[in-house]
Amino acid sequence: MSNSKILANGVDVYYGSKQALFGISMDIKEKEVTALIGPSGCGKSTFLRCINRMNDLIEICKVSGSIKVDNEEIISEKTDVVSLRSKIGMVFQKPNPFPKSIFDNVAYGPTIHGLVDSKNELEEIVHSSLKKAGLFDEVKDRLNEPGTSLSGGQQQRLCIARAIAVNPEIILMDEPCSALDPIATAIIEELIDELRLNYTIIIVTHSMQQAARVSQKTCFFHLGELIETGETNKIFTNPDNTKTQDYITGRFG
Amino acid sequence: MFFWSLVLIAVGIFSSFIYGRSRIKLNSKKQGTKSKSLPNYYAQYVLMWCLFPALIVYFSWAIFQEQIIQNIVISNFEYIEGAVYNEGLLLAEIRNVANNLSFADGKSIEIINAAAHYSSLRQISQISFYTSIIIIMLLGALYASQKLKPEFHAQHTIEKYIQYILIFCSSVAIFTTIGIVFSLIFESLRFFAEVSIFEFLFSTEWYPFIPIREGQTAAEGSFGAVPIFAGTFLVMVVAMCVAAPLGLLTAIYLAEYASQRVRKIVKPLLEILAGIPTIVYGFFAFVSVAPFVKAFGQSIGIDASPTSALAAGMVMGVMIIPFISSLSDDVINSVPQSLREASLGIGANKAETIKKVILPAALPGIVGAFLLAISRAIGETMIVVVAAGTAPNLTGNPFENVTTVTVQIVVALIGDQEFDNPRTLSAFALGLVLFVITLFLNIIALQIVKRYRERYE
């Protein structure tokens with residue numbers, strides 16, 4: 001377990017009486033992009049949301065099993081969810097900037113976590129986060145305009161900047177490009193490739209081309225079970241499981 | 001009389017429906033073609049042509065009959081030379097004799113004659129009323145039955161008629177509003193003809209007692225509405241001080257913290273608060289809260305009167321809590337879940353998320369809820385009548401008696417007052433100002449709520 005960042009073991013998830021995930025075990029390495037693929041409703045987003053305990057928001061959702069982040073158990077009553085989430089950033093399917101200025105959107109995280117002591121420091125963090133998200137040059141003259149006035153792709157990069165402003169170690173991306181056009185998608189994919197140098201990234205995607213382009217590891221989910229996991233190259237060229245084969249060749253899903 | 005005519009109309013529309021249905025079936029069978037619409041539409045078509053003309057006759061009779069008969073009776077009345085008649089009293093007397101409400105003995109012969117005339121006119125009117133309703137229904141049905149051919153699109157016509165009916169219904173509310181506004185304006189103009197508008201709006205003395213008869217030794221009345229509006233404002237401020245924090249915090253609890261089960265129980269319970277008649281709040285304020293306020297005032301060394309702005313305002317505040325909490329709860333709930341997730345996903349806790357993301361996003365809607373609650377508080381009457389008194393005091397001290405616009409309207413209108421008296425007319429002027437204020441509050445509130453809605457849809 002040299003550089004294992006996230007280690008899941010036998011994760012079951014129930015929505016009320018309906019079981020959504022069946023004994024998922026997974027090992028996610030540091031500073032890699034892991035893609036979760038599979039047909040709709042197969043539980044890949046549910047699994048993603050277990051990692052930062054976002055499923056807590058759903059009253060009827062029950063999670064059991066074990067997920068360790070940096071060797072610390074997070075599926076537990078005692079877990080400090082707030083500090084866990086500041087360590088694990090999340091980017092959502094639909095860009096969801098706050099109805100605040102571009103600057104305030106990015107400054108939100110550092111401010112609530114007390115990461116900065118002065119205005120200059122805050123400005124520095126905001127600028128560097130926007131730069132890392134590849135958005136700074138486009139918005140540097142209008143940081144006081146509302147974040148909702150940006151285009152869809154820019155909004156999504158703003159959300160990425162907002163996530164990395166609190167200096168997380170892991171970034172979860174839940175279909176980050178599904179609401180974007182191909183050009184904006186390409187920009188985000190390039191960005192993911194750069195972010196990989198500093199962050200561990202897990203991305204849920206419906207696009208198999210996208211999984212193939214951005215990820216090093218791929219996990220295939222089907223009906224709440226993890227069917228196959230491995231090097232992206234291998235999954236897409238020579239999968240072990242026939243279901244995986246059928247899915248990536250477009251025979252179902 | 002009018003009851004039996006309703007029965008007559010009911011029988012008419014029932015038989016016209018049956019007639020229309022069987023007639024179209026017969027006609028299409030005769031021609032051997034299928035009718036363009038279902039038989040029921042033809043039946044409804046006949047029914048409408050039977051019903052609406054009859055209703056028009058019915059209502060015009062109900063409105064004009066009495067007036068016309070009275071005019072005829074009065075114009076034929078044998079006036080005695082030299083005697084002075086009050087037309088209203090004379091008519092009342094004639095009617096009473098005609099309806100056997102007062103004995104004919106001892107009445108003058110002219111009145112008895114006129115009463116007989118009145119009765120006979122009523123009889124004629126009644127007979128012609130029934131005849132014309134029957135005739136008009138038959139004519140309507142006859143006209144409609146000529147159209148009952150299979151190639152006639154009854155459904156299209158029915159839909160057009162239904163549209164007219166809907167337009168008529170919605171215009172009733174609009175015209176009523178316009179009528180009320182105009183009557184307010186005209187009566188207010190009569191008031192302002194006697195009292196200067198500047199005195200009304202800016203003078204601080206409200207003493208609406210003016211001599212009714214010549215030579216009566218009453219003080220000159222004065223109509224300065226400032227203390228009344230100040231009182232209204234004071235009670236409203238007290239009410240909002242109670243309702244705004246309680247309502248808003250309730251809404252936050254319900255929307256963000258309460259489990260589905262608690263929400264399902266608490267929200268309807270709160271809405272019951274809104275259903276309690278305001279007079280019940282009024283005597284609650286008077287019996288329980290006002291003495292408490294008085295005792296409290298004394299304990300901190302303030303001389304409180306037995307009824308006070310504070311007592312009325314506090315209870316009114318409780319009354320409008322459900323307005324604020326229910327509307328704000330809806331507004332907070334409609335803040336998209338994605339914003340909550342975004343904030344929590346960064347590692348904000350619940351309180352930070354609510355304070356920094358949800359409330360700012362919901363603010364316009366919450367302000368709208370507050371404004372609606374304020375206009376409700378301004379328009380409230382019964383609580384203030386009972387718990388704040390009727391004395392027009394210009395004061396900022398909530399332990400004192402105050403009065404509000406609505407209360408003064410009530411005071412001005414009770415008792416035997418002629419409608420040409422400035423005291424009575426002042427009610428309309430007060431009502432007009434109140435109407436303008438609440439209208440503006442509502443417009444602002446609706447604008448804010450609208451802008452808020454556009455943002456998230």
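How many bridges join β6(A) to β7(A), and in which sense do these strands run? The points below answer this and describe both chains.

1. Basis of the note. This is a predicted model, in which local features need pLDDT of at least 70, side-chain atom pairs count only at pLDDT 80 or more, and totals for chains, interfaces and linings use all residues. Residues are numbered from 1 along each chain as its sequence is written, while chains are lettered from A and ligands numbered from 1 in the order in which they are written.

2. β6(A) and β7(A) run parallel and are joined by four bridges. Strands here are DSSP runs of E with at least two residues, helices are runs of H or I with at least four residues, and both are numbered from the N terminus; two strands pair if DSSP finds at least two bridges between them. Within this pair, Ile88(A) stands opposite Ile170(A) of β7(A). The two strands belong to an open sheet of six strands, ordered β6-β7-β8-β3-β9-β10 in chain A, with mixed pairing. Each of β6 (88-91) and β10 (225-231) has a single partner strand and stands at an edge, so one side of each is left without a neighbour in the sheet. On average, neighbouring strands of this sheet are turned by 15° against each other, direction ignored; axes are lines fitted to C-alpha atoms, for helices over the stretch in contact, and angles run from 0 to 180 degrees between N-to-C directions.

3. The four-stranded sheet of chain A. A further open sheet has four strands in the order β2-β1-β4-β5 of chain A, and its pairing is antiparallel. Its edges are β2 (18-29) and β5, each with a single partner strand, so one side of each is left without a neighbour in the sheet. Eight bridges join β1(A) to β2(A), and Ala8(A) has Met26(A) of β2(A) as its bridge partner. The hairpin of these two strands has two residues between them, and Gly16(A) takes a positive phi near 65° there. β1(A) also pairs with β4(A) over eight bridges, where Asp12(A) stands opposite Ser64(A). Two bridges join β4(A) to β5(A), with Lys68(A) opposite Glu73(A).

4. A helix across the sheet. Helix α1 (residues 44-51) of chain A lies across β1 (4-15), β2 and β4, and runs at about 120° to β1(A).

5. Two residues with positive phi. Asn71(A), in the loop between β4 (61-69) and β5 (72-73) of chain A, has a phi near 65°, a positive value in a residue other than glycine. Glu175(A), in the loop between β7 (170-174) and α7 (182-195) of chain A, has a positive phi near 45°. A residue is buried if 20 or more other C-beta atoms lie within 10 Å of its own, exposed if 12 or fewer, and partly exposed in between, with C-beta atoms placed from the backbone. Asn71(A) counts as exposed because it has 9 C-beta neighbours inside 10 Å, whereas Glu175(A) is buried because 20 other C-beta atoms lie within 10 Å.

6. The contact between the chains. In chain B, 16 residues are in contact with 21 residues of chain A; contact means that the C-beta atoms of two residues, placed from the backbone, lie within 7 Å. On the side of chain B that touches chain A, α11 (337-346) and α12 (350-379) each supply at least two residues. The largest share, seven residues, comes from α11(B).

7. The domains of chain B. Chain B is divided into domain 1 (2-149) and domain 2 (226-456), with bounds that come from an automatic or database domain assignment. The C-alpha centres of these two domains lie 49 Å apart.

8. Leaving aside neighbours within four places in sequence, Ala387(B) is in contact with residues including Gly282(B), Ala285(B) and Val315(B).

9. A glycine in helix α10. Gly317(B) is placed in helix α10 of chain B and is buried, with 25 other C-beta atoms within 10 Å. Beyond neighbours within four places in sequence, the contacts of Gly317(B) include Val238(B), Ala239(B) and Met240(B).
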